[in-house]
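Dear colleague,

Please find below the structure that I am handing over to you. My notes on what was found in it follow directly after.

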Amino acid sequence: MAIEPVNINEFQELAKQALPKMYYDYYTGGAEDQYTLKENVEAFSRILFQPTTLLDVSRINLSTTVLGYNLSSPIMLAPTGCHKLAHPEGEIATARAAAACKTIMVLSCVSTCTVEEVASSCDAIRFFQLYVYRRRDVSSQLVQRAERCGYKAIVLTVDTPRVGRREADIKNKMIMPEIPELKNFEGLMSTEVDSEKGSKLEAFASEILDPSLSWKDIGWLKSITNLPILIKGVLTAEDAVKAVDVGVAGIIVSNHGARQLDYTPPTISVLEEVVQAVGGKIPVLLDGGVRRGTDVFKALALGAQAVLIGRPVLYGLAAMGENGVKACHRDAQG
Ligand SMILES: Cc1cc2nc3c(=O)[nH]c(=O)nc-3n(C[C@H](O)[C@H](O)[C@H](O)COP(=O)(O)O)c2cc1C
Ligand SMILES: CCCCC(=O)C(=O)O
């Protein structure tokens with residue numbers, strides 16, 4: 001079916017046609033029953049507008065700022081792993097699209113282009129997403145490399161003490177990280193997995209991720225970087241208050257695109273609670289299920305400074321490379 005995509009769902013269809021089933025399932029899937037996966041999208045549909053009319057909308061301005069950086073619209077690119085599974089140019093194509101769209105790209109630390117390659121490919125504003133490894137020295141070297149090559153903030157993901165049970169990946173025996181290489185770790189840590197059963201990603205992650213990560217480690221992270229730190233994976237007022245107390249620069253309300261703990265609430269349903277707890281002290285961002293402009297508007301109306309899109313970027317990349325990412329960023333406004 002040759003279609004001219006006009007929205008993210010149509011890009012998803014193109015990505016499905018373009019990708020081997022193993023990779024499409026990895027990108028699109030969620031954890032366990034995928035209850036939260038559906039809810040992330042459907043919870044947006046349950047919020048309706050009460051529009052007022054006869055307002056002058058002849059001049060509108062979608063631009064905003066995040067941590068002082070100017071964005072053309074309040075839609076950033078969420079960190080997602082392994083872009084070379086979608087397209088041979090990998091994260092470089094994504095970064096170029098981010099630069100063209102004047103938005104911020106958050107580079108995943110499980111990327112298939114190195115932090116340096118992405119940095120030198122274009123002048124996109126980049127944040128660096130961090131997982132904390134059992135080998136703290138590997139985490140700190142990555143943070144220092146990101147800082148040296150101009151990343152503007154560290155996004156610490158806190159919802160992944162281990163990788164969620166993604167049943168499609170288990171069935172498919174998902175072979176990432178062997179193909180393609182997780183280039184950031186070259187010379188730092190082996191990415192070979194000694195497991196013939198199930199998802200290699202899950203086996204790899206349980207070997208490397210530090211499940212003891214806790215609030216006290218924010219102090220450690222602050223001690224190794226001067227960059228502002230955002231915490232990604234907050235879903236309650238209680239954690240939002242703790243995040244403010246430990247002095248981070250921002251919060252991302254996220255359930256990891258429903259790939260981690262299933263039966264967490266859809267992100268849009270807890271946004272208001274988090275925003276109220278934060279009380280304007282630091283910016284609150286949101287990701288999870290954002291597929292079009294009305295979703296973005298709902299998140300802003302409930303207090304988010306901006307949103308991030310995860311899968312839409314991968315669908316665009318798989319369908320049409322850099323141009324596809326640009327088109328999906330545009331379609332997320334429409
Ligand atoms: C294939 C895939 C890989 C991801 N990899 C990462 C990652 O490396 N680090 C991270 O913090 N979040 C990761 N995420 C979660 C995203 O940053 C984001 O929270 C989520 O995709 C948002 O939901 P959406 O896909 O519905 O937009 C990943 C998500 C997907 C779909
Ligand atoms: C070790 C984590 C791999 C990337 C990831 O976060 C995801 O697939 O959701």
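How many helices and strands does the secondary structure of the protein come to? The count is 13 helices and 10 strands. Please keep in mind throughout that this is a predicted model.

**Overall form**

The C-alpha trace of the protein spans about 65 × 50 × 40 Å along its principal axes. A compact globule of 334 residues would have a radius of gyration near 20 Å, and the 19 Å of the protein agrees with this. Of the 334 residues, 51% count as buried. Contacts between residues at least 6 apart in sequence were also examined, and 70% of them join residues at least 24 apart.

Helix α4 covers residues 90–100, and it is largely enclosed by the rest of the structure because 9 of its 11 residues are buried. The buried residues are G90, E91, I92, A93, T94, A95, R96, A97 and A98. The elements that cover them include the strands β3 (75–77), β4 (104–107) and β5 (125–130), together with the helices α5 (115–121) and α13.

Is A119 buried or exposed? A119 is buried, because 21 other C-beta atoms lie within 10 Å, and the cut-off for a buried residue is 20 or more. Leaving aside neighbours within four places in sequence, A119 is in contact with R126, C149 and G150. A119 and G150 are 31 residues apart in sequence, yet their C-alpha atoms are 7.2 Å apart in space.

Most residues other than glycine have a negative phi. K102 is placed in the loop between α4 and β4, and it counts as partly exposed because it has 15 C-beta neighbours inside 10 Å.

E32 likewise has a positive phi, near 50°, and is a residue other than glycine. E32 is found in the loop between α2 and α3 (35–45). With 17 C-beta neighbours inside 10 Å, E32 counts as partly exposed.

**The contact of α10 with α11**

The axes of helix α10 (residues 237–245) and helix α11 (residues 267–278) come within 8 Å and cross at roughly 35°. The crossing of α10 past α11 is right-handed. On the side of α10 the contact is made by A237, A240, V241 and V244, and on the side of α11 by E273, V274, Q276, A277 and V278. These residues divide into 7 nonpolar, 1 polar and 1 charged.

**The two ligands**

Which residues are closest to ligand 1? They are S108, T157, G257, G310 and R311, among the 24 residues that surround this ligand. Helices α2 (21–28) and α13 (311–331) each supply at least two residues of the shell. By class, the shell around ligand 1 has 8 nonpolar, 12 polar and 4 charged residues.

The residues around ligand 2 are G81, V110, T160, V163, L201, A205, H256 and R259. This shell divides into 4 nonpolar, 3 polar and 1 charged residue.

With kind regards

How values were computed
Residues numbered from 1 in each chain as written. Chains lettered and ligands numbered in written order. Predicted model: local features only at pLDDT ≥ 70, side-chain atom pairs only at ≥ 80, totals over all residues. Near = placed C-beta within 6 Å. Nonpolar A, V, L, I, M, F, W, Y, C, P; charged D, E, K, R; others polar. Helix = DSSP H or I, 4+ residues; strand = E, 2+ residues; numbered from the N terminus. Rg over C-alpha atoms; globule rule 2.2 N^0.38 Å. Buried ≥ 20, exposed ≤ 12 C-beta atoms within 10 Å, placed from the backbone. Contact = placed C-beta atoms within 7 Å. Axes fitted to C-alpha atoms, helices over the stretch in contact; angles between N-to-C directions. Left-handed = near helix turned anticlockwise from the far one by under 90°.
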